[in-house]
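Have the model open as you read.

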Amino acid sequence: MADGGKLANRAQRSLVVHGFTNSVLDPDDEMLGPVEDGGTIIANTAPGCWGPMITPSLRGGHEVTRPVRIEGAAPGDGLAIRIRDITVTSIATASGHDSSPEGFCLGDPYVAARCPTCDTVWPETHVEGIGQDAVKCNVCGNPVKPFEIVHGYTVTFDETRTVGLTLPREAAETIARSADHYAALPDESHQHSILTYAPSDMPGTLVRMRPFLGQLGTCPSKAMPDSHNAGDFGAFLVGAPHAYAITSEELAEHKTDGHMDIDAVRAGAILVAPVKVPGAGLYMGDMHAGQGDGEIAGHTMDVAGSVTLQVEVVKGYPLDGPVLFPLLEDLPPLARPFSETEKAKGKRLAAKWDVSEIEALAPISVIGTAANLNDAIENGLARAAKLLDVSVAEVRNRATVNGAIEIGRAPGVIQVTFLAPLAKLDAAGLGDYAREQYGL
């Protein structure tokens, strides 16, 4: 028994994650692992937004994996996450633009759903039939729908998971009757599949698939709903009338911005997340089959899928939010590394004008979040300035001439993406990730 206990506590080289949260990230809950620094984490993730949104017993907008402890990760460090693989396993999903019917929540329909008939908060529910009244309260038997779809679609994917096609009503209803199968819900998932709603408002639309993780990061240092672990959705917790209410100061202190909905967080990218609790508490979920910048409908194609990550501790990480090294093809045109031809032209200019040295540059994308996009931009600029130990004015100039401000999600997640001085990235401990990612 003693030897078995030692084995159980020994850091693992790889870990297959089992189980999901109740949509709350709580640093006091037991973590899985530990996984060794440099180890591999594999998970079968559950769909994000819509399924948990229509499952009133869940206390947030997503159903993410249980957090994993990483050996050697301590508050003040960072966690470099290499995304090795993201594969969609769902056969179909449904989504659309939402509304929140009055009376079905206590302040926030994502966090505190209630049955307006029996007044039960976070009621257990079951599915009867299909359609938007199919989720019924176990206590009183009446429909509980903290969210409705105003305009939506059911989409199915081809065998290669390259394209999807939205379906007419009859096909959507056929899928709805076997919703869990077509959603490929993991066995330990608690959510009702949104396929049950069978929306079919724009049939016959072909879409491209480009899967990524809407949720990837580390555990906040205070319990909060997973979907609200960001500056925009987190603002809904400030002064809220439910048990997860916090102050604006607490939000800034404890969140880690793991809920980004940035479409560049996909296979091949490297994400560096802040560590705010011992062991980091790596978690993931909310896989999307594809999404345009801004996620302007509020939701996109939420799917189940398999994910493989490799993790590495970055000691002394200077930021309280994430940094991303996207794939080369995901960089804005002005933020891409210069070609050899461009460098040669630059050297000729330098010789002509007696410039002794051209600084070495590398792409980086600093994430900013806040209650609105303007404030999120200010947050991203300030983080980038802190990371590089330069002024915000300099970051503004570099992002203008050698980059772009990109919108991850409305209302308040952005990327400040630009070519940064490689020497500054080295000083921040991140230069080698840029060299690895872009072959510098």
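## Ground rules

This is a predicted model, so to speak of local features takes pLDDT of at least 70 and side-chain atom pairs count only at pLDDT 80 or more, while totals for chains, interfaces and linings use all residues. Residues are numbered from 1 along each chain as its sequence is written, and side-chain values use heavy atoms, with hydrogens and water left out.

## Pockets

A pocket here is an open set of points on a 1 Å grid over the protein atoms alone, with protein on both sides within 12 Å along at least five of seven lines; lining residues have an atom within 4 Å of a point. Volumes are the space filled by probe spheres set on the points, which are joined across faces, edges and corners.

The largest pocket comes in at about 500 Å³. It has 17 lining residues, with Phe338, Lys343, Ile358, Glu359 and Leu361 closest to its centre. By type, the lining splits into eleven nonpolar, one polar and five charged (Ala, Val, Leu, Ile, Met, Phe, Trp, Tyr, Cys and Pro count as nonpolar, Asp, Glu, Lys and Arg as charged, the others, Gly among them, as polar).

The second largest pocket has about 250 Å³. Of its 17 lining residues, Tyr153, Met202, Ala297, His299 and Thr300 sit closest to the centre. Strand 6 and strand 9 (148–157) each give two or more residues to this lining, which holds six nonpolar, nine polar and two charged residues.

## Cavities

A cavity is a set of grid points where a 1.4 Å probe fits but cannot get out. There are two of 30 Å³ or more.

The largest cavity holds about 70 Å³. Its lining has 14 residues, and Pro47, Thr93, Ser193, Ile194 and Asp302 lie nearest the centre. Helix 2 (50–53) and strand 6 (92–99) are the elements giving two or more residues. The second largest cavity holds about 40 Å³, and its lining has ten nonpolar, two polar and no charged residues; among them are Pro52, Met53, Tyr110 and Pro146.

Valine 355 lies in the loop between helix 6 (340–352) and strand 18 (361–369). Its relative accessibility is 44%, so valine 355 counts as partly exposed (buried is under 20%, exposed over 50%, partly exposed in between, with a 1.4 Å probe and protein chains only).

Key: Helix = DSSP H or I, 4+ residues; strand = E, 2+ residues; numbered from the N terminus.
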